[in-house]
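I opened my notebook to look through one protein chain. Here is what I looked up, entry by entry.

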Amino acid sequence: MTAPAAEGIATRGFAVKAADAAFEPFEFQRRDVGPKDILIDIFYAGICHSDIHQARAEWEPMVPSLYPMVPGHEIVGRVVKVGSEVSKFKEGDIAGIGCFVDSCRQCGACHAGIEQYCIKGSAQTYNSTEMDRVTPTYGGYSKHYVVDESYALNVKAPDADLPGVAPLLCAGITTYSPLKRWGVGPGKKVAIAGLGGLGHMGVKLAVAMGADVTVLSTSPSKEDDAKKLGAHKFVNIRDDAARAAATGSFDFILDTISANHDYNTYLSLLCLNGVMVIVGVPTEPAPLNAFSLIGGNKVLAGSLIGGIPETQEMLDFCARHAITSDVELIKPDYIDTAYDRTVKADVRYRFVIDMKNA
Ligand SMILES: [Zn+2]
Ligand SMILES: [Zn+2]
């Protein structure tokens, strides 16, 4: 496959050209480096479950899938060229790119540094367009990215840690932002529901924030993993006695589960004034009993990734606490298999593509 020739920087990546197609090499152009742009030589790209949903057109019609699609929004690499007006980066720096690469820069959300909620819709890193709404965006399963420095992150981590830093750009910020917003810290009893790509980051971050952390899971086999990640307790949600013992006990629950599940069950585990935040996206809507919230003055909320300032704050927090994602590093020819294994939850806890040697 080859995109139409155009001005710019020739690069290559891995794309799908239809919902049921396998990944194949794809040659395309990045834009020339403008005054405020940086050119990143991509080293690592995490595989997020949302890559799979979009590559396989599972979010249509809400999120149309645009082909050929080069997914990838957990990107880490080295800055190899900077524009004349760039101030945040110099050549040789390590930079990251997360879920979006531009936004309107004028609305209240953009001014507040929560660009993910831009009222005009931010430009997603892939399966989207630049803010001109014409130029397609291609993601991190590729050798290079050109991005405005305002939408790139500074990464300060040892080279050996960089594969595990890549997933922080989505899984890390998705869990960090709600933990921070709702005051998770010392003295708080926190539960992380689900122990996948998101959940394992939630555990590490909540533990580093000083909270008392419990993992809620339907798989008793995950207890050992939960403890290894730093969790203090484990509750098998299908064990009636264990669930009853945990009723009313948590200040905060981070719900990372993407399988269909009963929110009322989890809300019953919150204490008075407790808060549950949803970051996992099940495929089906779920019934909510009003009494689940009314009885204990409870809050049910949602959260979407994080803005650029908070993403930088999260990366700096992770660097200070030596937190990275647990990853399995793969070559690009394994992407299709990695997708199948991710769908089966057969990964601890994130696949990361080695683009440095691709
Ligand atoms: Zn993601
Ligand atoms: Zn905006």
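**Entry 1: the whole chain**

How many helices and strands are there in the protein chain? I counted 11 helices and 19 strands. Helices (H or I, at least four residues) and strands (E, at least two) are DSSP runs, numbered from the N terminus.

I noted the ground rules next. This is a predicted model, in which local features need pLDDT of at least 70 and side-chain atom pairs count only at pLDDT 80 or more, while totals for chains, interfaces and linings use all residues. Residues are numbered from 1 along each chain as its sequence is written, and chains are lettered from A and ligands numbered from 1 in the order in which they are written.

Then I checked size. The C-alpha atoms fill a box of roughly 65 × 40 × 40 Å along the principal axes.

Of the 358 residues, 47% are buried. A residue is buried if 20 or more other C-beta atoms lie within 10 Å of its own, exposed if 12 or fewer, and partly exposed in between; C-beta atoms are placed from the backbone.

**Entry 2**

I then looked at where they meet. In domain 1, 18 residues are in contact with 13 residues of domain 2. Contact means that the C-beta atoms of two residues, placed from the backbone, lie within 7 Å. On the domain 1 side, helix α10 (residues 308–320) gives the largest share, four residues. That side has nine nonpolar, six polar and three charged residues. Ala, Val, Leu, Ile, Met, Phe, Trp, Tyr, Cys and Pro count as nonpolar, Asp, Glu, Lys and Arg as charged, and the others, Gly among them, as polar.

**Entry 3: I173**

I173 is found in helix α4 (residues 171–181). Why does I173 count as buried? I found 30 other C-beta atoms within 10 Å of I173. Leaving out residues up to four places away in sequence, I173 touches G98, L168, I305, G306, E310, T311 and M314.

**Entry 4: strand β5**

I moved to strand β5 (residues 94–97). I94 and G96 point one way, A95 and I97 the other, and all are buried. Strand β4 (residues 75–82) runs antiparallel to β5, joined by four bridges. Strands pair if DSSP finds at least two bridges between them. R78 has I94 as its bridge partner. Strand β11 (residues 153–154) is also antiparallel to β5, with two bridges. There, N154 is the partner of A95.

**Entry 5: helix α11**

Which residues of helix α11 (residues 335–343) are buried? I listed I335, A338, Y339 and T342. They lie on the same side of α11 because they cover an arc of only 105° around the axis. The arc is that of the directions from the helix axis to the C-beta atoms. Exposed T337 and D340 sit on the face turned away. The buried residues pack against β1 (9–15), α1 (49–55), β18 (327–330) and β19 (350–354). Just after α11, A345 has a positive phi of about 60°.
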